[in-house]
Amino acid sequence: MGMQTTMKRPQSSLLRRELEDTLREVDTALRAMGAGDHEPYAALWDDAPDVTLFGAWGPIEHGADAVQTTFEWVGPRFGDGELVPENVVVHMSGALACTIGFERGVVSVDGGPPQPMTLRTTHVYRYAGARWRLVHRHADFPPRDQREDRAA
């Protein structure tokens with residue numbers, strides 16, 4: 001007869017509080033990214049082989065090492081600013097959560113003058129190792145709303 005083990009999962013209210021804590025950490029880390037420091041944001045990612053990044057500047061990465069290498073490239077491109085997340089939707093179901101929204105700020109890119117920047121973003125989180133970790137990011141520059149062309 002085999003031995004059965006069960007792992008107790010934290011209650012939903014605890015997971016939600018922990019997710020809120022993680023979202024505050026992400027907020028602080030993205031502000032640092034806008035100043036050129038990628039390390040706080042990179043530290044919030046899971047080290048699993050299934051993490052993915054669909055970056056706003058083109059990189060599409062799969063795997064923790066590739067994602068971390070891309071952050072090392074992206075971080076130093078920024079300076080003199082901060083990116084401020086605005087989560088329009090936060091959804092949690094079991095051990096998965098996602099945020100959908102924007103990151104806005106005034107940042108310098110590649111040593112240029114500070115300019116406004118807006119990104120549309122989706123983050124996916126997984127509860128693993130007794131904490132929420134990032135496992136996916138999709139970010140892009142929002143296109144112009146083409147409905148305005150039809151109204152003219």
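Which residue lies over the face of Phe102, and at what distance from the ring centre? It is Arg104, at 4.4 Å from the ring centre. A charge sits over a ring if NZ of Lys or CZ of Arg is within 6 Å of the ring centre and within 35 degrees of the ring normal. Arg77 also has its charged end over a ring, that of Trp57, 4.1 Å from the centre.

Before I continue, please note that this is a predicted model, in which local features need pLDDT of at least 70, side-chain atom pairs count only at pLDDT 80 or more, and totals for chains, interfaces and linings use all residues. Residues are numbered from 1 along each chain as its sequence is written, and side-chain values use heavy atoms, with hydrogens and water left out.

I turn now to the aromatic pairs, of which the structure holds six. Rings of Phe, Tyr and Trp (its six-membered ring) pair if their centres lie within 6.5 Å; planes under 30 degrees apart count as stacked, over 60 as edge-to-face and the rest as tilted. The ring centres of Tyr127 and Trp132 are 5.3 Å apart and their planes stand at 70°, so this pair is edge-to-face. Both Tyr127 and Trp132 are buried (under 20% relative accessible area; exposed is over 50%, partly exposed in between, with a 1.4 Å probe and protein chains only). Elsewhere, Tyr41, Trp45 and Phe71 are linked by ring pairs into a cluster.

Finally, let us consider Ser108. Ser108 counts as buried because its relative accessibility is 4%. A polar atom of the Ser108 side chain lies 2.4 Å from the backbone oxygen of Gly112.

Definitions and conventions. A polar contact is a pair of N or O atoms within 3.5 Å; within protein, one must be able to donate a hydrogen and the other to accept it, and residues adjacent in sequence count only if both atoms are side-chain atoms.
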